[in-house]
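Some notes follow on the core and the aromatic residues of this entry. Please read them alongside the coordinates.

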Amino acid sequence: MGNPENFIDNNPDNQPKPGNYLGMVYHAGVIVPVLIGLFLMVWVFSIERFIVIGKASGTGNVGNFVRKVQSFLKSGSIDAAIAECDKQKGSVANVIKAGLLKYKDVEANPGLDAEKSALAIQKEIEETTALEMPMLEKNLNVIATLVSIGTLTGLLGTVTGMIRAFAALATGGAPDSAKLANGISEALINTATGIATSTFAIIMYNILTAKIDKLTYSIDEAGFSIVQTYSANHK
């Protein structure tokens, strides 16, 4: 942005060349680097969450995996369902596998009360879910916070730019047109950067939240199937 080629007479102290946005940003005040840093933070945390959630989903399609597990449950092939969890991997498979292992454990003790056994399976699934879910939701609060911080920081830059613009108007005699233009440019660039940061953060937060909700729904669906299958087979 401070490249001399972006400015008149190749001097960064001069005005940017007409239409040169990099030069405009360079002269847009100290708030712009902060906003750029916030924008990069949204990118970094979003990519990190996409990687983590992708690993949590496992090696295959989550929906197909859940349907396979349900199919094995209907046919009574618990070991095959556990093997499918080992192939799928990820948080969803870990939770379902914990429920299936508990299923086998309580089934190996036919003297246990069926209702209590079903509750034990459900409790095992819920406890494993409670351990896995925080890993998925980690850093989402940072992205949510950046939604507000981006807007407020952009507003701060807008105010400082307008202060400079009015300071140029307040001089005695003719207004300093260069300082007036710089102040207005600073205000608009800060506004645009702040809005862009907040908008991107909102989009990423909603996309990531939707992905986590989908995984949670898959866990709930498979867990319900495990408990219902056990209850149906042990009335």
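1. In this predicted model, the largest nonpolar core has 42 residues, and those touching the most other members are Phe65, Val92, Ile96, Leu100, Ile121, Leu215 and Ile226. Two or more core residues come from each of α2 (31-57), α3 (62-74), α4 (78-88), α5 (90-107), α6 (114-137), α7 (140-169) and α8 (177-233). The biggest contribution is that of α8, with 11 residues.

2. Phe65 deserves a look of its own. Leaving aside residues up to four places away in sequence, Phe65 touches Glu84, Cys85, Gln88, Val92, Ala93 and Ile96. Of these, Val92 and Ile96 are also listed among the core residues that touch the most other members.

3. The count of aromatic pairs is two. In one, the ring centres of Phe39 and Phe200 are 5.5 Å apart with planes at 35°, so the pair is tilted. Phe39 belongs to helix α2 and Phe200 to helix α8, so this pair ties together parts 161 residues apart in sequence. Phe39 is partly exposed at 28% relative accessibility, whereas Phe200 is buried at 15%.

4. Trp43 and Phe200 make a tilted pair as well, at 4.9 Å centre to centre and 35° between the planes. Trp43 lies in helix α2 and Phe200 in helix α8, so the parts tied together here are 157 residues apart in sequence.

Technical notes: Residues are numbered from 1 along each chain as its sequence is written. This is a predicted model: local features need pLDDT of at least 70, side-chain atom pairs count only at pLDDT 80 or more; totals for chains, interfaces and linings use all residues. Side-chain values use heavy atoms; hydrogens and water are left out. A nonpolar core is a set of buried Ala, Val, Leu, Ile, Met, Phe, Trp, Tyr and Cys residues joined through side-chain atoms within 4.5 Å. Buried means under 20% relative accessible area, exposed over 50%, partly exposed in between (1.4 Å probe, protein chains only). Helices (H or I, at least four residues) and strands (E, at least two) are DSSP runs, numbered from the N terminus. Contact means heavy atoms within 4.5 Å. Rings of Phe, Tyr and Trp (its six-membered ring) pair if their centres lie within 6.5 Å; planes under 30 degrees apart count as stacked, over 60 as edge-to-face and the rest as tilted.
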